[in-house]
Amino acid sequence: MNGQINITKREPAKFNVNGGGNLCGAGAGFAISLDGVEEHVKYQLQRDGVNVGGPQDPDGLPYWTNNQQPGTYTVVAISDDLPECTQLMNGSAVVKPAPTISIIAEKYACGYYFNASIVGDSGCGINSLLWNMGDASHTTFNTPEVFFDFGSGPGIFDVTVQISFICDGVITCDYTGDKQIQVTPYAPEDVPVEASSYQLDKIINASAATFSDAWPMPTGQGISDNVNPFLSGERGVWRNEGQYAYKETREQSSPVNIATDGTFSMNAFNWEQAALDAVPNWIKANTVTRYSPYGYELENQDVMDISSSSVYDYLGQLISAQGANMRHNEMAFTGFETGVNSGNTGNWTFGSESPQTFEIFPVVSGNGHMATVLAPDLATFNGGIVDVRAVHVNLSTLNFFGSEINSIHNDNIVCKKDGTTGKVILVLTEAPFDGAWLGYVAIRKKGTSTALAILEPSVHHTGASSLKVTSITQTFPQKQLVLDKGKTYFISAWVSVGDPNITTPLNDKIGIDIKLTDAKTGINETQKVSVKGPVVEGWQQVYGTITSSYDKTNVDITFNRGYRWSGTSAHIVC
């Protein structure tokens, strides 16, 4: 017979794959099915491309139950007549794993830091936690970060955490994880640090400068506590931080060789590791420790840690006082040039003014949440909150990343512990970096006054107004001042009773009382400064010295009007 027969393979029809879900709370696993079937076709379930069981010859719709292994499930149709003729069904069914938890415990000076986190992508998030710390105490946090102070004694604690999850936005399941830790007393370890450098020869002169873009700034003068640090100038503005000089013996030959004498060999400065002070012979000659919100230098320290400071008046724009051998929080000045409510006048605290200052403590060793701080005692940090300025140090590669700078406002102190002499160990809620870091912590201090300050523009000495004292005494706390034990401080003011015709000395009860309070114990003493010298155009000077018996001394200043001037005000210019 003549003719030709054409035989064509027909692939099985496509149907949709249904099912899947999250194994959180689903102990029986999940069913997977097709929404249709075709005669003379078997259906093979696969998980991540691998067959699960054998092909199914369905009597009705294909249906696979109890799928408890996470993965992506697909279905392949196989023709009974032509097994090599297959077809992948539409879509897939995803079975997500139940969440698993990683519990870490990091040891710090006064406790442990615990963190519970989800491992892998389960589509779940932590809803709530309940920690049992192993010593009958419990802690609940909305985040998986928990701090707890175990003390310094040895012991073994079984720490457990009960976690409630929300998976795929709707499914709720619970999980309990445990971690057994052996608590031992904390012992700090010294880590040797070496800086990389290279040698340069025939150097005549060498110097270097470092800069930073993270600074604590006093509020006031138009700067708010809650302003974004990049808007307030605390971050993002690079300012000079230090000046370095190289100290080395210069080449001298005999007889003199003018071609080479006077030069020296030098280890190259390492900007990346400058904060470690690890390159030999580089001396940090000057360190800027604080700036004003307007970018003016307020305080610096020389190589002998002797401070010099400046005070800016006229809304913080022009310099009004300078002090040598004096920290910024040891000096105060005002001439009452501007109104008490129209802007800060110098850095005295009067009336509704509240200039802010910082007490800064260097961090000599930071690691994660823990910081070893140069500070006299634990009471220094009784407020429980510090600002942090940190620079990341990578000790594994002996590198210092100058660009990795972080600043944190209002970081809570979780716990604190005495270190070696002159050092305090703090554990902070928020770690500026994982691993090693250096920098400082700052205590933010805002002066507040309980007395209303009255400025009198019609009576003044050399400025625009004076402070009018209408009661027998008027006291203004000066919380921005912190004086040192044993130091002698000079105080000067001019006082008038508002009568330019007076030529005889003023009442000797007119003057200033300085109340000095030990910041640690609250013990206090009062020292008096009285009027002295001649009367000049109705004004007489109040001056003298005070010496505190306490370390970290707080100051209250009281102006005495004098008892005999009934009905008359005393006007003060400090």
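View 1. At 15% relative accessibility, Tyr-312 counts as buried, a class set at under 20% relative accessible area, with exposed meaning over 50% and partly exposed the range in between (1.4 Å probe, protein chains only). The model is a predicted one, in which local features need pLDDT of at least 70 and side-chain atom pairs count only at pLDDT 80 or more, while totals for chains, interfaces and linings use all residues. Residues are numbered from 1 along each chain as its sequence is written, and side-chain values use heavy atoms, with hydrogens and water left out. Rings of Phe, Tyr and Trp (its six-membered ring) are paired if their centres lie within 6.5 Å, and planes under 30 degrees apart count as stacked, over 60 as edge-to-face and the rest as tilted; by this rule there are 10 aromatic pairs. Tyr-296 and Tyr-312 form a stacked pair, at 4.7 Å centre to centre and with 10° between the planes. Because Tyr-296 lies in the loop between strand S21 (282-291) and S22, and Tyr-312 in strand S23, the pair ties together parts that are 16 residues apart in sequence. Strands (E, at least two residues) are DSSP runs, numbered from the N terminus. Tyr-296 is partly exposed, its relative accessible area being 27%.

**View 2. The tilted pair of Phe-490 and Tyr-543.** The ring centres of Phe-490 and Tyr-543 are 6.4 Å apart and their planes stand at 40°, so the pair is tilted. Phe-490 belongs to strand S34 and Tyr-543 to strand S37, so this pair ties together parts that are 53 residues apart in sequence. Phe-490 counts as exposed at 56% relative accessibility, and Tyr-543 is partly exposed at 29%.

**View 3. The largest nonpolar core.** Such a core is a set of buried Ala, Val, Leu, Ile, Met, Phe, Trp, Tyr and Cys residues joined through side-chain atoms within 4.5 Å. Of the 28 residues in the largest one, Phe-350, Leu-467, Ile-512, Ile-514, Ile-557 and Phe-559 touch the most other members. Elements giving two or more residues to this core include strand S33 (473-483), strand S35 (511-518) and strand S38 (553-560), while S34 gives the most, with 4 residues. Apart from this core lies another, of 19 residues, among them Cys-124, Leu-129, Phe-165 and Cys-173.

**View 4. An aromatic cluster.** Ring pairs link Tyr-244, Tyr-246, Phe-264, Phe-269, Trp-271 and Trp-282 into a cluster.
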